[in-house]
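Please open the structure in your viewer and keep the selection panel at hand. The stops below are meant to be followed in order.

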Amino acid sequence: MTDAASFVPKTVYVTYIAAAPEQIWQALTDPAFTRHYFSGFAVDVEPRADGHFGLLYPDGRVHIAGRVLEWSPPRRFSCTWVVEGMQGFDELPECIVTYEIEQAGGSCKLTMTESHSWDVPEAILAGGRAGWPAILSSLKSLLETGNALAIAMAPPPDFIEAVARAVAEKPWLRSR
């Protein structure tokens, strides 16, 4: 069981989207939508608290696995994330990703928060801080124009090395 109270927000991304909360919710939870804006990954979610969560490669392999912590359509969706689809990454502790959707006049405010239970090095956080704006900008474009963005994405410098160093040293075991 995940103790969400022991997780600290490390990355927060906010965007405003000209769409209804229900449309944004569908874009976040429907595999047909996520394939378009999330680098080809399909969300696979059991729509209930403690249900399974995953992001699947186009060939069906699991990239991200986790559990649904909160399922409150169309306002709040929170789940744990463990990267299983990249060698070595599955040894990192789980993180929590939370989406909050709020009406903001004729648009909606979408807030994505990535929280961790350990002192994550900046070089690892840089991966999410580079990826989330691209992913959520593409979601916004898809909802507002019907077209996802074509963004070339690559890990930031030192990201892969920082993950390998963390997996070897396991600093999260010292902070408990």
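**Tyrosine 99 and its surroundings**

Select tyrosine 99: leaving aside neighbours within four places in sequence, this residue is in contact (heavy atoms within 4.5 Å) with Leu28, Phe38, Arg75, Arg76, Phe77, Trp81, Leu110, Thr111, Met112, Trp132 and Leu136. The model is predicted, so local features need pLDDT of at least 70 and side-chain atom pairs count only at pLDDT 80 or more, while totals for chains, interfaces and linings use all residues. Residues are numbered from 1 along each chain as its sequence is written, and side-chain values use heavy atoms, with hydrogens and water left out.

**The core**

Next, display the largest nonpolar core, which has 46 residues. Such a core is a set of buried Ala, Val, Leu, Ile, Met, Phe, Trp, Tyr and Cys residues joined through side-chain atoms within 4.5 Å; buried means under 20% relative accessible area, with a 1.4 Å probe and protein chains only. Phe53, Trp81 and Tyr99 have the most contacts inside this core. Helix α3 (residues 122-145) gives the most to it, with eight residues; helices are DSSP runs of H or I of at least four residues, and strands are runs of E of at least two.

**Aromatic rings**

Now show the rings of Trp25, Tyr37, Phe38, Phe41, Phe53, Tyr57, Trp71, Phe77, Trp81, Tyr99 and Trp132, which ring pairs link into a cluster. Rings of Phe, Tyr and Trp (its six-membered ring) pair if their centres lie within 6.5 Å; planes under 30 degrees apart count as stacked, over 60 as edge-to-face and the rest as tilted. The whole structure holds 14 aromatic pairs. Among them, phenylalanine 38 and phenylalanine 41 are edge-to-face, at 6.3 Å centre to centre with 85° between the planes. Phenylalanine 38 is buried at 8% relative accessibility, and phenylalanine 41 is buried at 12%.

**Threonine 80 and the strands**

Which strand holds threonine 80? Select β5 (residues 76-83), where this residue lies. Threonine 80 is buried, with a relative accessible area of 1%. A polar atom of its side chain lies 2.8 Å from the backbone nitrogen of arginine 67. In β6, its bridge partner is isoleucine 96.

β6 and β7 form a hairpin with two residues between them, and glycine 105 in the turn has a positive phi of about 65°.

Technical notes: Buried < 20%, exposed > 50% of the residue type's maximum accessible area, 1.4 Å probe, protein only. Polar contact = N/O pair within 3.5 Å; in protein donor to acceptor, adjacent residues only side chain to side chain. Pairing = 2+ DSSP bridges.
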